[in-house]
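Student: Could you walk me through this chain? I would like to see how each conclusion is reached.

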Amino acid sequence: MNMTQCPQCNRQRKGEEYKCPKCDCFYSPLDEILAAEAAEIEKRSFTGRFKASKEASNFWGAVKKEYQRLENSSPYNITLIFAVIIMFIFTMTLSVI
Ligand SMILES: [Zn+2]
């Protein structure tokens, strides 16, 4: 599978972008998975959650909700996040080789 060109318009891929900016199409199914994982990690990261809280109309309500969510998070959740991060790094390494 050719991952360096857009499957729709044959535009040459630039750097680490997942999607063709012209037709909003993923370069490969793997890129779709990677983009989803990157978005998920960003969402789960502190800055991502902080951004989401900031964007909420009720800022302190969102902070309180976030605090409760952290309090209720089980060790299973943390293991899952680590598994996703390790999988992401592993896939990135494979794509470089
Ligand atoms: Zn394209």
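Predicted model: local features only at pLDDT ≥ 70, side-chain atom pairs only at ≥ 80, totals over all residues.

Student: In what order do the elements of the protein chain run from the N terminus on?

Tutor: Helices (H or I, at least four residues) and strands (E, at least two) are DSSP runs, numbered from the N terminus. The protein chain has four helices and two strands. Their order from the N terminus is β-β-α-α-α-α.

Student: What percentage of the residues in the protein chain is buried?

Tutor: A residue is buried if 20 or more other C-beta atoms lie within 10 Å of its own, exposed if 12 or fewer, and partly exposed in between, with C-beta atoms placed from the backbone. The protein chain has 97 residues, and the buried share of them is 4%.

Student: How many residues of α3 are buried?

Tutor: Helix α3 covers residues 59-72, which is 14 residues. This helix lies largely in the open, because its number of buried residues is zero.

Student: And how far apart are the end C-alpha atoms of helix α3?

Tutor: The expected span of a helix is 1.5 Å times one less than its number of residues. For the 14 residues of helix α3 that gives 20 Å, and the model agrees, with the end C-alpha atoms apart by 20 Å.

Student: Which residues does R13 touch, leaving out those up to four places away in sequence?

Tutor: R13 is in the segment before β1, a strand of residues 19-20. Its 17 C-beta neighbours inside 10 Å make R13 partly exposed. Two residues are in contact if their C-beta atoms, placed from the backbone, lie within 7 Å. By that rule R13 touches T4, Q5 and Y27.

Student: How far apart in space are R13 and Y27, C-alpha to C-alpha?

Tutor: In sequence, R13 and Y27 are 14 residues apart. In space, their C-alpha to C-alpha distance is 7.9 Å.

Student: Is D24 buried or exposed, and what is its phi?

Tutor: D24 sits in the loop between β1 and β2. With 9 C-beta neighbours inside 10 Å, D24 is exposed. Most residues other than glycine have a negative phi. D24 has a positive one, near 55 degrees.

Student: What about the phi of N10?

Tutor: N10 is in the segment before β1 and counts as exposed, with 9 C-beta neighbours inside 10 Å. Its phi is also positive in a residue other than glycine, near 60 degrees.

Conventions: Residues numbered from 1 in each chain as written.
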